[in-house]
Amino acid sequence: MLQQLFSFKGGVKPDTNKAPSVQAPIGTAPLPRLLVVPLHQSIGGMPNPLVEAGDRVLKGQLIGSADQWLSSAVHAPTSGTVRAIEERVAAHPSGLPTLSVVIEPDGQDQWIERQPLDYQALEPERVREVLRDAGVVGLGGAVFPSHAKLSAAKAVAMEELVINGAECEPYMTCDDLLMRERADDIVRGSGIFRDLLQPKRVLIGIEDNKPEAAAAMKAAVERLGENFEVITVPTRYPAGGAKQLIRVLTGKEVPASKRSPEMGVQCFNVATAYTAWRAIAHGEPVLSRIVTLTGNVEQARNWDVLLGTPLRDFVALGQARPDTNGYLMGGPMMGFEMPGLDAPIIKATNCIIASSARLFPPPAPEMPCIRCGACAEACPHELQPFEMYWFARARNFGKTQEYNIFDCIECGCCSYVCPSHIPLVQYFRFAKSEIWSREREKAMADAAKARFELRNEREEREKAEKAERLAKAAAAKAAAKKPEPADNATPASATSGVDAPVDADPAAAKKAAIAAAMERARQQRESVQPKNTDGLSIAQRKEIAEIEARRAPLQARQTALDTENTEPQRTKSNDQ
Amino acid sequence: MNFTTPPYLIQDVSVQRIMLQVLAALLPGIAVYVWLLGPIVLLQIAIATIACVLAEAGMLKLLNKPLALFLGDGSAIVTAWLIALAFPPLSPWWLIVVGALFAIVVAKHLYGGLGQNPFNPAMIAFAVCIVSFPALMSQWPPVDLPGGFAEHLALVMGTAPRLDAMSGATPLDALKTALKLAEGTQAVPNILADARTFGHFAGRGWEWVGVAYLLGGLWLWQRRIISWHAPFAFLAGIGVLSGALWVVNPAGFASPIFHLFSGGAMLGAFFIVTDPVSGCTTPRGKLIFGFGAGALAYVIRVFGGYPDGVAFAVLLLNICVPLIDLYTQPPIFGMKNK
């Protein structure tokens with residue numbers, strides 16, 4: 001069947017430089033002396049550490065559990081001893097530290113008991129949980145938890161599942177080699193995604209500069225009897241961007257304001273599909289990934305590397321040339337410079353490029369924008385980068401939003417073609433982060449204002465209630481003084497009792513209803529909101545547990561007293 | 001740690017390289033000019049270049065901007081060449097210098113320098129000079145120019161009186177004047193039959209300058225330095241208006257071909273309305289900008305008091321650029337059906 005291809009506007013064609021790293025097959029990187037496994041390796045919540053220093057861990061043992069739905073688990077990449085749980089430099093351009101589990105391998109590489117599952121016998125929801133707990137995230141570099149992408153939109157039928165093997169970034173070949181060598185498991189993993197999403201078609205997109213990978217995938221699809229379509233797409237950066245590949249294969253344009261399932265399409269990277277299959281069918285969580293080591297090295301190659309391997313150990317495999325001046329993580333278009341050799345390989349690390357002044361010359365001095373419009377022509381999202389630049393520079397962030405700055409995917413095409421050598425992407429990142437921080441500030445100010453107003457309201461209400469109670473008590477006193485033995489019920493008990501609604505005073509009834517509603521809301525909040533004891537270290541938790549134990553008897557007594565005092569109100573709220 | 005930023009790959013392009021290609025694209029036109037009038041044309045270009053570069057250097061120094069970086073971008077030289085080619089050949093040297101100074105100092109640097117000028121500097125120079133020195137700016141030499149380089153040099157340097165033989169009107173002006181003098185008794189084809197002034201399809205000799213600019217412009221388009229929108233729309237603006245009037249009244253109006261290859265039409269189409277700084281940036285905006293400038297240039301040159309209308313038309317459209325850009329923003333990825 002002849003597949004009709006669409007095209008996206010813009011894009012650039014830099015030299016791909018992929019040849020050096022595809023000469024050798026995927027190698028297995030040796031065990032390093034220490035592994036530094038950051039707990040936060042995906043989009044979403046920070047996993048909680050489950051081990052403490054001194055613990056012996058097995059290969060594949062959970063060391064950080066997903067703390068909410070949008071989060072992903074982290075595992076020990078090999079067996080050994082936990083040396084520390086501490087802040088270590090992150091594989092992030094900021095170079096800021098992040099909570100990491102430091103493991104000293106024992107060299108035995110001893111697995112936990114693996115549990116292969118037949119996913120077809122499982123509830124779909126259970127499959128998603130297994131993927132979350134196996135740490136399966138988008139390995140194309142975005143590290144979005146995959147299980148959270150595996151639900152079709154309620155109102156829209158899933159039409160296409162796109163499996164992304166385009167790999168448009170220059171230098172990078174990890175997906176290429178993975179497809180060449182492990183095509184079967186990629187196709188099987190895509191089958192899991194297909195079964196969860198129930199799309200009409202499964203499209204595997206591969207740039208036409210990887211004929212071997214495309215052939216391997218085609219053969220695997222045939223061998224496994226699937227009806228997936230392997231489609232080669234023209235090589236043009238950023239054809240591997242999810243939105244661009246979806247556009248090329250399906251003709252659909254997913255705007256920034258929408259999620260792709262709302263348009264009946266979803267996209268996964270080939271490596272993600274591979275790890276999903278290993279997780280389900282072999283019980284192997286994500287412990288390693290394929291990383292391209294290339295650039296200014298003697299031995300460019302792809303390696304299967306344990307997560308947490310320090311950059312220092314990894315780059316030693318490639319023998320960097322003497323004029324190497326740094327290491328990029330990711331491709332040269334969207335990657336960043338690693339903050340140091342201590343930073344670890346993480347799930348997002350698809351490629352490490354040794355850089356040199358020869359490969360990536362320092363940028364020429366920035367000139368003024370001459371509005372030539374080359375950036376607008378190159379922009380795959382058809383934005384007007386020079387206008388956004390103009391307003392970002394002037395700190396007119398409202399205007400940058402009018403020019404759709406949040407549709408920018410920071411692919412770098414605009415900077416690539418700019419004759420004035422303006423680091424446009426930097427301006428856009430700056431503008432976005434400014435807008436975010438202003439919105440955060442505004443949200444915080446709004447919340448503070450709401451809290452203040454609520455407190456004022458509550459104080460006034462309490463004052464009024466107190467005055468009312470006092471007045472009633474005084475009235476009751478006065479009534480008690482009068483010799484009327486026939487009437488035992490005091491007015492006070494009438495208002496607090498079950499027959500309160502019968503009371504003629506509607507204002508009091510309303511007040512009671514409000515108070516009850518507030519109490520319900522408070523209880524709901526408490527049950528939903530995370531406690532401030534989450535995300536603490538093991539030692540801190542132990543301490544807290546001891547304190548709690550001491551407090552328990554006291555608290556039991558206190559609770560008993562409280563229950564007595566607030567009995568009527570509690571019964572009421574429990575009725576709801 | 002050094003703070004480097006992605007992308008680490010940068011295309012081998014620069015403002016300087018763009019400007020050099022624009023200069024290269026002017027060479028065919030200059031060659032025809034020299035063939036028609038002799039080496040004096042090169043002297044004019046040299047005067048303009050020196051004046052512009054000195055003015056640029058002075059302003060950069062005054063504004064504390066990096067001298068080598070900005071002088072090296074070549075934008076001042078492009079302005080200089082456009083001024084030299086837009087001004088009448090054999091203009092006295094000081095006329096060109098006045099134009100050059102005004103273009104660089106006022107139109108460019110007082111508005112913020114490279115990339116900031118709302119008006120095309122070369123067209124500002126032309127407009128200022130034609131308003132201030134209308135007689136000098138209207139004197140165009142005939143193509144069979146008498147005298148040699150020495151006589152021409154004396155004219156440019158102002159050491160010899162300006163002779164009638166050395167100056168005349170542009171073909172456009174000649175046509176307009178002839179039509180006015182004839183008061184309806186002469187039809188345009190008869191006037192254009194005068195082989196002393198008119199050639200195969202426009203002014204004698206000058207028509208080939210237009211052809212050379214066209215070739216240079218097409219090369220720029222092929223090199224993707226300019227897009228087709230503005231030049232096409234500009235030529236369409238002139239062509240549609242002149243075509244309509246010519247079809248209705250061929251005796252009273254010259255053909256579109258005559259207008260397209262006369263005056264500043266071709267220079268304007270490929271080297272003036274394509275100026276990215278002062279022109280529109282969106283594709284539809286470029287079309288509107290180009291068409292408006294072309295139509296207005298035609299109206300001014302045929303019905304107005306000036307020999308040609310390109311400069312005023314472009315400047316008037318420059319004023320409209322922010323508005324046109326604002327209303328012609330193209331829809332972005334994923335928002336085309338909204």
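This is a predicted model: local features need pLDDT of at least 70, side-chain atom pairs count only at pLDDT 80 or more; totals for chains, interfaces and linings use all residues.

User: What area is buried between chain B and chain A, and which three residues of chain B supply more of its share than any other three?

Analyst: The contact brings together 37 residues of chain B and 50 residues of chain A. Between them the two chains bury about 3700 Å², with carbon and sulfur atoms giving 62% of that area. On the side of chain B, 23% of the area buried against chain A is supplied by three residues, more than by any other three, and these are Tyr8(B), Leu9(B) and Phe333(B).

User: Which helix gives the largest share of the side of chain B that touches chain A?

Analyst: Across this interface there are 13 residue pairs in polar contact, both residues being at pLDDT 80 or more. Helices α1 (15–37), α3 (67–71) and α16 (310–327) of chain B each supply at least two residues of the side that touches chain A. By class, that side of chain B has 21 nonpolar, twelve polar and four charged residues. The largest share, three residues, comes from α16(B).

User: Within chain A, how far apart do the centres of domain 1 and domain 2 lie?

Analyst: Chain A is divided into domain 1 (19–32 + 126–329), domain 2 (365–468) and domain 3 (506–522 + 543–576). Seven residues from domain 1 of chain A and eight residues from domain 2 of chain A take part in the contact between these two. Taken over C-alpha atoms, the centres of domain 1 and domain 2 of chain A are separated by 31 Å.

User: Which residues in domain 1 of chain A lose the most area to domain 2 of chain A?

Analyst: The two domains of chain A bury about 500 Å² between them, and carbon and sulfur atoms give 58% of it. No salt bridge is found across this interface, while three residue pairs, both residues at pLDDT 80 or more, are in polar contact. The residues of domain 1 of chain A that touch domain 2 divide into four nonpolar, one polar and two charged. On the side of domain 1, 64% of the buried area comes from the three residues that lose the most, namely Tyr237(A), Gln244(A) and Ala256(A).

User: Why is one side of β3 and of β6 in chain A left without a neighbour in the sheet?

Analyst: Three strands of chain A form an open sheet in the order β3-β5-β6, with antiparallel pairing. Because β3 (48–49) and β6 (74–75) of chain A stand at the edges, one side of each is left without a neighbour, and each has a single partner strand.

User: How many bridges pair β7(A) with strand β8 of chain A?

Analyst: Strand β7 (residues 80–89) of chain A also pairs with strand β4 (residues 56–57) of chain A, in the antiparallel sense over two bridges, and there Arg56(A) stands opposite Thr81(A). With strand β8 (residues 97–105) of chain A, where Val101(A) is the bridge partner of Ile85(A), the pairing of β7(A) is antiparallel and the number of bridges is nine.

User: In chain B, which helix gives the largest share of the side of domain 1 that touches domain 2?

Analyst: The domain assignment of chain B gives domain 1 (16–168) and domain 2 (171–327), and the two bury about 2600 Å² between them, 77% of it on carbon and sulfur atoms. Across this interface zero salt bridges are found. Helices α1, α4 (75–86) and α6 (121–132) of chain B each supply at least two residues of the side of domain 1 that touches domain 2. The largest share of that side, twelve residues, comes from α1(B).

How values were computed:
Residues are numbered from 1 along each chain as its sequence is written. Chains are lettered from A and ligands numbered from 1 in the order in which they are written. Side-chain values use heavy atoms; hydrogens and water are left out. Contact means heavy atoms within 4.5 Å. Buried area is the accessible area (1.4 Å probe) that two parts lose on being put together, summed over both. A polar contact is a pair of N or O atoms within 3.5 Å; within protein, one must be able to donate a hydrogen and the other to accept it, and residues adjacent in sequence count only if both atoms are side-chain atoms. Helices (H or I, at least four residues) and strands (E, at least two) are DSSP runs, numbered from the N terminus. Ala, Val, Leu, Ile, Met, Phe, Trp, Tyr, Cys and Pro count as nonpolar, Asp, Glu, Lys and Arg as charged, and the others, Gly among them, as polar. Domain bounds come from an automatic or database domain assignment. A salt bridge is a side-chain nitrogen of Lys or Arg within 4 Å of a carboxyl oxygen of Asp or Glu. Two strands pair if DSSP finds at least two bridges between them.
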